[in-house]
Amino acid sequence: MKLQRMNRRALALGALAVSGALALTACGSDETGTPEGGSSNAAAPSNIKCDDASGQVLADGSSAQKNAVDAWVKQFSAACKVEINYKAGGSGAGVTAFTQGQVPWAGSDSALKPDEVAASKKICSGGQGIDLPMVGGPIAVGYNVPGVDKLVLDSATIAKIFDSKITKWNDPAIAKLNPDAKLPNLKIQAFHRSDESGTTDNFTKYLIATAKKDFPYEGGKAWQAKGGQSAPQSSGVAAQVKQTAGAIGYFELSYAKDGIKTVAIDTGAAKPVDATVENATKAISEAKVVGTGKDLALELNYGTKAEGAYPMVLVTYEIACDKGNKAETLPAVKAFLRYAASEDGQKILAENDYAPMPEEIITKVRETVESLS
C-alpha cells in the first residue's frame with residue numbers, strides 16, 4: 001500500500017512538472033473530491049503554515065471551484081499531514097452539509113441567506129457561518145455548433161435561448177449578432193444544472209439584471225426557466241455540451257476544456273468581451289463588500305459595460321464558523337484557508353483559469369481567517 005502511494009506521488013510530481021494545467025484537469029474530473037495521487041514535498045511552497053493541523057477533513061460544496069480546491073489540496077497536503085476530501089456536490093449541498101454540522105467548511109457560489117445564517121448558529125457555538133470570498137472567475141457559456149468557431153450573444157438572446165424562446169441556431173436574433181457566421185438550421189439543446197447551484201444563481205442574476213423582460217424569473221440556486229435539459233454539476237453540463245451537436249450550457253471557465261468553444265458577450269462596450277480570467281478580474285474589481293461584521297459577502301456589478309470587463313462572473317465563498325469551530329478540525333481548516341488566501345494560493349488560481357480576489361478583498365479575507373476560533 002505504501003509503495004502504491006509512493007508511486008502515485010511520483011507520478012503526480014511528474015505530471016505537475018510537465019503541465020500543472022493538465023494535472024488539474026485530470027483531477028477535476030473526479031467528482032468524488034478525493035485528491036488523485038498527491039505531490040511530493042518538493043512541489044509544495046515552503047512557507048505553508050501547518051500549525052497543529054493533522055488528520056482528515058471532509059468538505060462539500062461548489063463544483064465550480066473544484067479544480068481550484070484540487071490544486072490547493074495537492075500543495076497543502078504535500079506540506080501538511082492533512083487529508084482534505086472535497087466532495088463537489090454543488091453549492092446547495094455544501095451549505096446544507098455545513099448548517100447540519102456534517103462538514104466544518106463548505107464552498108458556495110452564493111453568499112449565505114438569512115435563514116442559512118440562522119441555521120449555522122446551531123452548529124457554530126457562540127458564533128455563526130460567515131462568507132469568505134476566495135475564488136473568482138467567469139461563467140462561460142459553452143456551445144457546440146458545427147462550423148461555428150466564434151459566436152457572439154447578448155444577454156437578451158442568451159435569456160431567450162435558455163427560456164426556450166429561441167430554438168434554432170439560425171434564428172434572426174443570433175444571425176444579427178453574427179453576420180459573418182454560417183449558422184445551421186439546427187435545434188438548440190440548452191443544458192442547465194439539475195442540482196441546486198451557485199453557478200445557476202449567478203448566471204440567472206446576470207440575466208435578471210440585464211434582461212429582466214426576457215427572463216422573468218426570481219432566480220436562485222434551482223433552475224426555474226422553461227424547457228431545456230439538465231445535468232448534474234458543472235462537469236456534467238460541460239460533458240453534455242461537448243458531446244451534443246447544437247448544445248449550449250453554462251459552467252465555470254475551468255470546465256471549458258477539450259475543444260469546448262465559449263461565447264463572447266456583447267455588453268454594449270465597443271467590442272464583445274471574451275470569457276477570460278483577466279476580463280473577469282476587471283468585473284470583480286467593481287464588487288463591493290456588503291456583509292456585516294466578519295462576513296465578507298460581495299455585491300457584483302453584473303451590468304458593467306466597462307471595456308474588457310466580462311460581466312457574467314461568480315465568486316465562490318468558503319463558508320466557516322467565525323466562532324465555535326470544532327476543536328478537532330479547527331487547526332486543519334484554518335491552515336488550509338490561510339494557504340488558499342495566501343499569495344501562493346491565489347497565484348494558483350490565475351494559473352488554472354480562475355480569477356484571484358482583488359487585493360483589497362483578499363487582505364480582509366486573510367485577516368478574518370486568522371481570527372477564526
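Which cysteine forms a disulfide with Cys50, and how far apart are their sulfur atoms? Cys50 is bonded to Cys80, with the sulfur atoms 2.0 Å apart.

The structure is a predicted model, in which local features need pLDDT of at least 70, side-chain atom pairs count only at pLDDT 80 or more, and totals for chains, interfaces and linings use all residues. Residues are numbered from 1 along each chain as its sequence is written, and side-chain values use heavy atoms, with hydrogens and water left out.

## Overall architecture

The protein chain contains 13 helices and 13 strands; helices (H or I, at least four residues) and strands (E, at least two) are DSSP runs numbered from the N terminus. Of its 373 residues, 55% are buried, where buried means under 20% relative accessible area, exposed over 50%, and partly exposed in between (1.4 Å probe, protein chains only). Among contacts in the protein chain with a separation of 6 or more, 76% are made by residues 24 or more positions apart; a contact means heavy atoms within 4.5 Å.

## Disulfides

The structure holds two disulfides, a disulfide being a pair of cysteine sulfur atoms within 2.5 Å. The table sets out both links.

| Disulfide | S to S distance | Angle about the S-S bond | Handedness |
|---|---|---|---|
| Cys50 and Cys80 | 2.0 Å | -85° | left-handed |
| Cys124 and Cys321 | 2.0 Å | -70° | left-handed |

Cys124 and Cys321 are both buried. When the bonded cysteines of the protein chain are numbered in sequence order, the pairing reads 1-2, 3-4.

The buried residues are Ser91, Gly92, Gly94, Val95, Ala97, Phe98 and Thr99. Their covering includes β1, β3 (106-108), α5, β4, α8 and β13. Just after α4, Gly101 adopts a positive phi of about 75°.

Phe98 and Gly101 are also among the residues that line the largest cavity. The model has one cavity of 30 Å³ or more. On a 1 Å grid over the protein atoms alone, a cavity is a set of points where a 1.4 Å probe fits but cannot get out, and lining residues have an atom within 4 Å of a point. Grid points are joined across faces, edges and corners, and the volume is the space filled by probe spheres set on the points.

The largest cavity has a volume of about 80 Å³. Its lining comprises Phe98, Gly101, Val103, Pro104, Ile123, Cys321, Gly324, Asn325 and Lys326. These residues divide into five nonpolar, three polar and one charged; Ala, Val, Leu, Ile, Met, Phe, Trp, Tyr, Cys and Pro count as nonpolar, Asp, Glu, Lys and Arg as charged, and the others, Gly among them, as polar.

## Aromatic pairs

The model contains twelve aromatic pairs. Rings of Phe, Tyr and Trp (its six-membered ring) pair if their centres lie within 6.5 Å, and planes under 30 degrees apart count as stacked, over 60 as edge-to-face and the rest as tilted. The rings of Phe203 and Tyr250 have their centres 4.3 Å apart and their planes at 10°, so this pair is stacked. Phe203 belongs to helix α8 (residues 198-210) and Tyr250 to strand β8 (residues 247-252), 47 residues apart, and the pair thus links distant parts of the chain. Both Phe203 and Tyr250 are buried.

For Phe215 and Tyr217, the ring centres are 4.9 Å apart and the planes stand at 65°, so the pair is edge-to-face. Phe215 is buried, with a relative accessible area of 1%, and Tyr217 also counts as buried, at 13% relative accessibility. Phe162, Phe203, Phe215, Tyr217, Trp223 and Tyr250 form one aromatic cluster.

## Glu252 in strand β8

Strand β8 also contains Glu252, which is buried with a relative accessible area of 1%. Not counting residues up to four places away in sequence, Glu252 touches Ala64, Gly136, Gly137, Pro138, Ser234, Asp353 and Tyr354. Glu252 and Asp353 are 101 residues apart in sequence and 8.8 Å apart in space, C-alpha to C-alpha.

Key
1 Å grid on protein atoms, 1.4 Å probe; cavity = no way out; pocket = protein on both sides within 12 Å on 5 of 7 lines; lining within 4 Å.
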